[in-house]
Amino acid sequence: MRQIVLTTLALAIAAGCAHKTAEAPDVEEKFAGQAAAADSVAREQARDRSKRSELEAIEVTGSRLPAQALMAPPPAPTVAMPAPPVERNTENYTAFEDSGIVRAAEQPVSTFSIDVDTGSYSNVRRMLVQGQLPPRDAVRVEEMINYFDYGYAAPTDRRQPFRVSTELAPAPWDGKRVLMQVGLKGYEVARSEIPAANLVFLIDTSGSMGSDDKLPLLKESFRQMVPRLRAQDRVSIVVYAGSAGLVLPPTPGDHHGEILAALSRLEAGGSTNGGEGIDLAYAMARQAFVENGVNRVILATDGDFNVGIFDPRALETKVEAGRKSGIALTTLGFGQGNYNDALAEKLADVGDGNHAYIDNLMEGRKVLVEEMGSTLLTIASDVKIQVEFNPAQVAEYRLVGYENRQLAREDFNNDQVDAGEIGAGHDVTALYELCLVDMGCESSDALRYSSAPAAATGTGEIAFLKLRYKQPGQATSVLVEQPIRRTDLRRQPGESLRFAAAVAAYADLLRGGRNMSGFGWDQVESLARGARGEDPWGYRGEFLQLVAQARSLAPAPAPAIQISQD
């Protein structure tokens with residue numbers, strides 16, 4: 001209201017002054033200045049009211065920051081964190097190809113060394129349990145088959161250390177073909193009859209052995225063995241990492257507390273000097289050497305020899321020298337990621353020992369407790385098998401497995417050539433797949449210019465089986481011979497042959513399924529289930545579970561391509 005009064009007064013004064021300009025110019029100038037002043041006051045008051053209105057419209061937030069500062073800050077830029085380094089898998093397996101089909105007329109003789117190793121089976125089991133298929137070269141068919149006991153008859157006396165069993169029957173995957181099973185069974189020896197044993201445990205305690213499936217599992221496995229050790233036995237423990245060390249000097253086997261305490265002190269750390277450890281282990285074995293007893297180094301490792309003497313050939317030379325002095329070598333594999341299967345198996349072969357892989361405590365008990373008699377006491381060494389097939393009866397043959405055990409024909413009679421050993425109670429199995437003459441199952445044509453096979457002689461012999469072996473400590477081999485006749489052919493395979501065939505087919509599928517004519521996982525499972533038989537330890541039942549696991553992991557077969565005839 002005050003603003004309106006002042007403005008009207010100013011206008012009236014201005015109008016009056018305009019009428020009196022000519023009469024009083026000095027008065028006009030005076031009132032013009034007053035009007036300008038009044039107008040200036042009015043404008044200042046209007047600005048004050050505008051500022052008050054703006055202040056009344058502001059929402060009080062308690063912050064004195066300018067409006068730009070009250071806005072939400074922009075999101076922080078996303079920074080990609082580096083992924084943790086992936087440990088490279090350096091597991092090492094010897095590459096090999098499957099044995100091929102051979103025409104009997106062109107090459108009638110097959111020669112190989114026996115193999116009692118089982119490491120491939122338990123190593124493959126470890127991978128399947130972890131949900132992965134094994135690499136092809138990790139699967140050795142003969143070690144898969146020889147993991148199981150087939151109930152072969154044992155010898156009736158010990159003049160011959162093992163008994164030979166054979167069987168002929170149609171192959172489950174091809175009725176036109178025949179499987180020939182050759183089984184060897186060593187005589188049993190009671191634990192009380194095993195000679196005094198001098199055992200040196202050579203244990204890898206390097207940093208690579210720190211995980212639960214390596215040194216901790218090794219220690220628990222060895223603890224199960226300790227109660228079986230006797231007063232006449234001697235036990236030493238040598239460890240190796242950056243350098244080798246003696247944890248337990250040669251100690252009577254019945255000093256169980258000392259042995260267990262030494263095992264408890266083992267810890268993993270450092271790099272791996274396998275060569276230096278082997279030197280110390282053999283020195284301890286020589287120090288406690290038992291005449292006419294068991295002298296053996298048991299090497300437990302993941303095989304990751306990475307410092308010192310780690311050249312494979314140099315290690316083999318040391319092991320070979322130990323073997324010639326009467327000290328055998330057994331290798332036990334542990335762990336994953338850097339497991340050197342190739343080296344562990346080779347060292348055991350050179351050392352006249354056996355190779356096993358321990359993936360769990362049950363396997364540790366199987367190897368170190370249940371089968372320790374077989375591991376310790378060798379009843380036949382340098383065991384070789386030679387089969388001569390009759391071309392008049394056999395068109396083709398294929399040895400299933402034993403690819404890295406093949407020998408030259410002349411090696412069979414050469415007692416200087418090393419071969420495999422059989423321990424007390426061991427059984428060994430070999431399978432041949434045959435195509436008999438006139439069965440229509442040949443995979444290749446006969447040579448045009450080769451001489452025709454001689455007619456059957458009337459004996460009905462399919463093959464002639466020969467074996468050579470040495471008694472422990474002897475330099476000259478003993479020859480065993482046995483004919484295999486066509487009249488031995490059965491209509492259906494027995495339980496042991498059916499289960500062995502199932503294991504062979506399982507191994508073939510894991511290697512790519514090239515040899516069994518489309519025999520698939522369902523057929524393997526059915527064959528094994530029907531031949532499970534007595535299974536006191538549950539090994540065959542576990543095999544069925546592994547077949548199911550492998551089937552679930554295997555890629556689906558490619559659909560058949562339909563070709564239209566229109």
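Predicted model: local features only at pLDDT ≥ 70, side-chain atom pairs only at ≥ 80, totals over all residues.
Although N292 is not a glycine, its phi is positive, at about 60°. Most residues other than glycine have a negative phi. A positive phi also occurs at D438, again a residue other than glycine, with a value near 70°. D438 belongs to the loop between β14 (427-436) and β15 (461-470) and counts as exposed, at 72% relative accessibility.

A disulfide links C435 and C441, whose sulfur atoms are 2.1 Å apart; the count of disulfides comes to one. Both C435 and C441 are buried. The torsion about the S-S bond of C435 and C441 is about 110°, and the disulfide is therefore right-handed.

The largest nonpolar core comprises 70 residues, of which L184, I203, L332, F389 and L434 touch the most other members. Strand β11 (residues 378-389) makes the greatest contribution to this core, with six residues. Because residues of the core come from both domain 1 (102-189 + 379-442 + 460-501) and domain 2 (197-376), the core lies between these domains. When residues up to four places away in sequence are not counted, L434 touches L168, R177, V178, M180, F389, E396, Y397 and I462. Another core, of 40 residues, lies apart from the largest one and includes L128, Y147, L431 and Y506. In soluble globular proteins, nonpolar side chains tend to be buried together.

How values were computed. Residues numbered from 1 in each chain as written. Heavy atoms only, no water. Core = buried A, V, L, I, M, F, W, Y, C linked by side-chain atoms within 4.5 Å. Buried < 20%, exposed > 50% of the residue type's maximum accessible area, 1.4 Å probe, protein only. Helix = DSSP H or I, 4+ residues; strand = E, 2+ residues; numbered from the N terminus. Domains from an automatic or database assignment. Contact = heavy atoms within 4.5 Å. Disulfide = S-S within 2.5 Å.
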